[in-house]
Amino acid sequence: MARAVHRLALLVLPGDPDLDPARIDALIERWVEEERLKVASHAWEPGSAPLVEGGFRRARVERFDRVRFVSSGLGGFRVTCPDGGGSVVEAFDRAHSTWVRGGPRTLTCRCGREHDLAALGFAPEAGFARAWIALQEVEGLDLAAEARRGAEQILGTVHLVARRG
């Protein structure tokens with residue numbers, strides 16, 4: 001049986017999974033300039049301006065050579081069609097496996113359309129990206145309003161994924 005973990009991370013992902021990871025670096029720089037983050041060894045610590053409602057312990061950037069899928073890490077979740085809202089869990093499982101093996105990042109939906117896996121609805125939230133900011137040991141699940149606006153200016157749409165561990 002898995003041991004219960006009280007630590008929670010809030011992952012800040014761009015809405016566009018293919019966005020250049022340099023945009024994540026630009027967001028970090030902005031948050032440092034705004035004193036939402038301060039530089040520490042191998043990571044960032046909270047600055048004097050709010051970043052996450054309730055605070056956090058440290059931040060780091062996780063980056064990859066190719067797009068990755070990230071979810072809460074707690075197991076099952078709902079996956080829905082972006083058009084009709086119907087469940088596509090089984091189709092997602094098959095399409096995700098195909099994508100991991102080098103296939104397209106798409107799903108042929110019961111609605112008759114083909115969707116990018118990143119366009120599907122996930123509950124709890126999940127997403128795809130080449131890089132994200134991991135805010136570790138958060139006390140809240142949302143960014144401070146000004147921090148979110150800044151993130152949206154740099155990244156466009158922002159996805160927040162809560163992950164245990």
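**Charge, fold and local geometry of a predicted protein chain**

In this predicted model, the protein chain carries 23 positive and 23 negative side chains, and the centres of these two sets lie 6 Å apart. The accessible surface of the protein chain amounts to about 9,000 Å², with carbon and sulfur atoms contributing 47% of that area.

The fold itself is built from 3 helices and 10 strands. In sequence order, these elements of the protein chain follow the pattern β-α-β-β-β-β-α-β-β-β-β-α-β. The radius of gyration of the protein chain is 17 Å, close to the 15 Å that the globule rule gives for 165 residues, and the chain is therefore as compact as a globular protein of that length. Its C-alpha trace spans about 50 × 40 × 30 Å along the principal axes.

Two further values describe the packing of the chain. Of the 165 residues in the protein chain, 40% are buried. When contacts between residues at least 6 apart in sequence are considered, 70% of them join residues at least 24 apart.

Arg163 is located in strand β10, which covers residues 158-164. Its side chain forms a polar contact of 3.0 Å with the side chain of Glu62. Leaving aside residues up to four places away in sequence, Arg163 touches Arg7, Leu8, Ala9 and Leu11, together with Arg60, Glu62, Val70, Ser71, Ser72, Trp132 and Ala134.

Ala123 and Pro124 are joined by a cis peptide bond, with omega about 0°. Pro124 belongs to the loop between β8 (121-123) and β9 (127-136).

Positive phi values occur at His42 and Glu137, neither of which is a glycine. For His42, phi is about 65°, and the residue sits in the loop between β2 (37-40) and β3 (43-46). Because its relative accessibility is 83%, above the 50% limit, His42 counts as exposed.

For Glu137, phi is near 55°, and this residue is found in the loop between β9 and α3 (145-155). Is Glu137 buried, partly exposed or exposed? Its relative accessibility is 25%, which lies between the limits of 20% and 50%, so Glu137 counts as partly exposed.

Conventions:
Residues are numbered from 1 along each chain as its sequence is written. This is a predicted model: local features need pLDDT of at least 70, side-chain atom pairs count only at pLDDT 80 or more; totals for chains, interfaces and linings use all residues. Side-chain values use heavy atoms; hydrogens and water are left out. Helices (H or I, at least four residues) and strands (E, at least two) are DSSP runs, numbered from the N terminus. The radius of gyration is taken over C-alpha atoms; the globule rule is 2.2 Å times the number of residues to the power 0.38. Buried means under 20% relative accessible area, exposed over 50%, partly exposed in between (1.4 Å probe, protein chains only). Contact means heavy atoms within 4.5 Å. Accessible areas come from the Shrake-Rupley method with a 1.4 Å probe; for residues, only the protein chains shown count as cover. Lys and Arg count as positive and Asp and Glu as negative; His and the chain ends are not counted. The place of a charge is taken as NZ of Lys, CZ of Arg, CG of Asp or CD of Glu. A polar contact is a pair of N or O atoms within 3.5 Å; within protein, one must be able to donate a hydrogen and the other to accept it, and residues adjacent in sequence count only if both atoms are side-chain atoms.
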